[in-house]
Amino acid sequence: MDVSSLYTCIPHSDGINACEYFLNEGNSDHYLQTPVLSNLIRIVLENNFFEFNNEFFVQTCGTAMGSSMAPAYASLFMGKLEKDFIESRNIKPTLWLRFLDDIFLIWDDTCEELENFIRDLNDFHPTIKFTQTISSSCVDFLDVRVSKNDCTLSTNIFVKNTNNHQYLHYTSCHPKACKNGIPYSQGKRYRRIISDDSTFKDSLVDLKDFFLKREYPKEVIDNAFEKINSMSQNEALRLTESSQSNFVIPFVATYNPHLPNIGHVLNKYWDLLKLSKSETRIFHKGFWKNAHGETDGGESTPTDTLTSNSITALLSNKWRDISKKIKDYGEKTRFRKRIVSKWESLNYDTIENDLHWQEKDKPNIKKELTLQFIQRWLIVFFTGLFTAFLAAVVHIVVEKISHVKFSLIQSYLDRCAKEGCLWQPALIWVGLNISITALGSALVVYLQPLAAGSGVPYIKSYLNGVKIPGLLTLECFVAKVGGVVMSILGGLACGKEGPMAHSGSIIAAALAKGRVRLLCRKKRASIYSGFRDDHEIRDFVSGGAASGVSAAFGAPVGGTLFSVEEAASFWSQSLTWRVFFAAMIACFFTNFLLSAFHGTPNQLSAPGLVRFNVFPNLKFDLIEIPVFLVMAVVGGLIGAAFVVLNYKLTVFRYRYIKLKWLKVAEAGLVAAVTGLASFLMIISINSCTNKTPYDESSIVSQMHCPEGERHSLSTIFLATPEGCLKALLHDPFGSFSALTLVIFVVVFFFLAVWTYGLSVSSGVFIPSLVIGATWGRLFGIAVVNLFPGDREHYEAEVGKYALIGAASQLGGVLRTTISLTVIIVECTGEISFGLPIMIVLMISKWVGDFISTGLYDMNIEVIGLPLLPWEPPALCDTIKASDLMNAPALCMNKIEKVGRIVEILRNETFCGFPVVNAKGRDHSKPSKVRGLILRSQLLVLLKHKIFSPENMMQPNTVRLKDFQNYYLHHLKIQDVPISDEEMDYMMDLRPYITPNPYTIGPTFSLPRLFRLFRGLGLRHLIVVNDCNEPVGIITRKDLAKYRVESKRGLVKVEQLNIEDK
């Protein structure tokens, strides 16, 4: 509750009576008697003269707000008033707290009694009136937000929208102690108010950012917050008595920023000061303060000699500084999950307005439906065909150019190993890597940054219902395809499988829309009218993603399941057939094109870009199951470590690597380190073998090996990532020593962690498979040595353990099971080995989920995309629609003024507005919901000037096709010119609104809300009261901010913040 204009509404007589009451009630000795004080108060109140507009006035009621006695005077008056009122009540509040004119109370009786209480309180005094905010869940009082959670109360910091956190700037000429004390005092205020420890730590991070913007030194903030973090809320609330002795008189001097530190001066001349007894009594060592307010000195006198205690203290301080720096780095890399407000939702719901029904009532509607049916199948056919063509071209270009590159490096390695000029191949290797990778990174950074990475997290979010502008454009396609070719040729630890899924999605979207925006960004190439709604494009993108995976692995069933399990959120039987058809076409034509390239078009022997090829003996014994289980646990642990480390690195990039040239430079640096590490491992590890490599066309280097032998690492490093994987899976036993594999897996693991997340187009499938195949081969070597009696049998099956390790590692990183099992089975062509693959994938996923989220989900969290998972968040059954809705609902009248529409579109970020059936133009009155209209519809109506002066008929020239034509334009209100005269025109929204929008009541639970949004693909949901009047609106972000996190066996529900980025 709040008192309206308290200071100016207190009658003089009532205020003086209240002061006399408390003066007499206190029964304490005063220097002045109560009548004297009353007269003095009366003099101050009745002689408050002021000049305004050349006239003199006297205040006859209340007190001046700026006078020194005003707060105490007003508080005493309110104390007497509240005492008299509460004592007169039979039913009293459970709790009544007041600070000046702000009141916080807890009421446990009926709502009717509360209304009576407030009404009587407003009638109790003729000039004192109250305003109130009543809630059963959350109330703000001063700077505290009090929330009710079940049967407990929690408190959090409350900040008004007008608060800009303009703390005292550190460059101001205030005493240093004053400025240094502000972070501590504010942090302690946060600690006193915020009851939840995790919320308190998150709030401290924000507070630290505010102080850094005011140029406070990081050390000052960290020192203050370190003290605060060691406190509990009870300790912060506890009153502390001053430890300074009363008899000590501090030495105080006038502050001047150029004044030397008095404490240092006293320390320097302490030997002289202590000779005088009088000065010693004044400057008592350890109890004086310098001019900055800092306590200096101690019980020991200064000395120039380092004692053992001082050395210990010095080392202790150094260790403390190092610990603080490590802790500070941990705090910096701790990234707060949040939802970024710029990500809007796709509109999957059909807009059933008058235009829609006119379109459905056309005479040739049956013919159009038949044509659409045929078009859908033609589009998925050409999606598979073009994706296969793209995959074949990328594969051929990468293989041909990489063969030339590695042949050049191999020739220099062999020649310079004999001639002693090894710096030449190192320079060539590193130089080629840097130049090619930097070019690919620049293509991504400057053309379309959304082409970075695999693209799977973005495609997954898009299919979930998140609108990501630029994701399915020609710029992104060029950057994705060109970038992935250059990333692999640049020697990065990456693959092209994830980018193939993204590229297939772009192809599908372009074919479905029927037109593509050219690279000049202004012109569009239109082929046919196509499909121009989010629902249809979503289904085609699902087929494109499956086609990309199918073309990459030659696994049509696995590609379809990958689209179901990892990407798409909405599925149907008809969509399944179309997606599988697209995947089959992509697999077939990829096989045909690559087989034709290899000279065997009739054999169809190359169904995908990545093939594990046929294993000679891919069977397993029951005794091997425990080994597989151990490998599954190892894969889950290493996969979780991969995700955690990459998460820290991604956060670091998000915070510090923001400039475009820095992103390109980092990619070049990683390429240089990769090439240099490969070169150093080849020349420093003496790993010679006479085993014949599995791939006869692989490039091998002899280096310092004897005649007839080769360096085993050359088949790994002088090959593309796919060639490296084949060598680890199929090269015979003895091709790689255990030490070589250990060093390689450690180096390649960290290179892969560093590579994923760069501003290059790259995938994580192949690096994960290579890491797993390497340590899986180590398990195979261990099994051979553990069972020497059957050595020959296990030597022949060492590749089987490499395959299990690859599957386990991939499951530990990506956390998908069914699709990966089918993909690996299709890649190997051995269905009988599906059981152990499924087992290791499931266990590695469980182990990884126990520690962290999957890699793709981690990327989505860092980006801040409002993704809705498959199931509603647990432990949220008590959250109602009224708790999370945006209230009050911003409504429009069915016949609305153009000026108000433009004002709303300029100042509000909502993309949907309830249309009400209000009479007149008073939007403050409750009115029934008539329908819903989208921002995009309003922009098209304004663009086509569908409005007219009042009482005149507006134009009716816009058709459904006009709305579809603007599907790709992303209109903004700034692009629509509206004159001042047109601002007064009226727009009739009735023909264009969705007349029967989805509505719910305020008591609708969060799980039901979630299933409604998820199942129907909604974008907006209107909350109405019993009279069908809109009281709020719910969007995807309001649901997505509730996240469930399960780590280390504990389930935690988080409510994320929605931030503007």
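This is a predicted model: local features need pLDDT of at least 70, side-chain atom pairs count only at pLDDT 80 or more; totals for chains, interfaces and linings use all residues.
**Note on salt bridges, sheets and a surface patch**

The structure holds 26 salt bridges.

1. Glu46 forms a salt bridge with Arg42, and the closest N and O atoms are 3.8 Å apart. Both residues belong to helix α2 (residues 34-46), where they are 4 residues apart, about one turn of the helix. Glu46 has a relative accessible area of 39% and is therefore partly exposed. Arg42, with 32%, is partly exposed as well.

2. A bridge between two helices. Lys460 and Asp857 form a salt bridge in which the closest N and O atoms are 2.9 Å apart. Lys460 lies in helix α16 (residues 456-464) and Asp857 in helix α32 (residues 855-863), so this pair ties together parts that are 397 residues apart in sequence. Asp857, at 30%, is partly exposed.

3. A bridge between a strand and a loop. The side chains of Lys897 and Asp984 meet in a salt bridge at 3.5 Å, N to O. Since Lys897 lies in strand β18 (residues 895-897) and Asp984 in the loop between α36 (960-965) and β21 (986-988), the pair ties together parts that are 87 residues apart in sequence. Lys897 is partly exposed, with a relative accessible area of 32%. Asp984 is also partly exposed, with a value of 49%; the class of exposed residues begins over 50%.

4. A network. Salt bridges also link Arg89, Arg119 and Asp120 in a network. In general, side chains of opposite charge can pair when their charged atoms come close.

5. A mixed sheet. An open sheet is formed by 3 strands in the order β22-β23-β24, with mixed pairing. Its edge strands are β22 (999-1000) and β24 (1030-1035), each of which pairs on one side only. Between β22 and strand β23 (residues 1020-1024) the pairing is parallel, over 2 bridges. In this pairing Thr999 stands opposite Ile1022 in β23.

6. A helix across that sheet. Helix α37 (residues 1006-1016) lies across β22, β23 and β24. The helix runs at about 140 degrees to β23.

7. An antiparallel hairpin. Strand β4 (residues 95-99) pairs with strand β5 (residues 102-106) in the antiparallel sense, over 5 bridges. Trp96 stands opposite Leu105 in β5. The hairpin has 2 residues between the strands, and Leu100 takes a positive phi near 55 degrees there.

8. A nonpolar surface patch. Which residues form the nonpolar patch on the surface? Leu371, Phe373, Ile374, Leu378, Phe382 and Phe386 form this patch, and together they have about 560 Å² of accessible area. One of them, Phe386, has its place in helix α14 (residues 365-419). Phe386 counts as partly exposed because its relative accessibility is 38%, and residues in such a patch must have over 30%.

Conventions. Residues are numbered from 1 along each chain as its sequence is written. Side-chain values use heavy atoms; hydrogens and water are left out. Patches are made of residues with over 30% relative accessible area and no salt bridge: like charges are joined within 9 Å, nonpolar side chains (Val, Leu, Ile, Met, Phe, Trp, Tyr) within 5 Å. Accessible areas come from the Shrake-Rupley method with a 1.4 Å probe; for residues, only the protein chains shown count as cover. A salt bridge is a side-chain nitrogen of Lys or Arg within 4 Å of a carboxyl oxygen of Asp or Glu. Buried means under 20% relative accessible area, exposed over 50%, partly exposed in between (1.4 Å probe, protein chains only). Two strands pair if DSSP finds at least two bridges between them. Contact means heavy atoms within 4.5 Å. Axes are lines fitted to C-alpha atoms, for helices over the stretch in contact, and angles run from 0 to 180 degrees between N-to-C directions.
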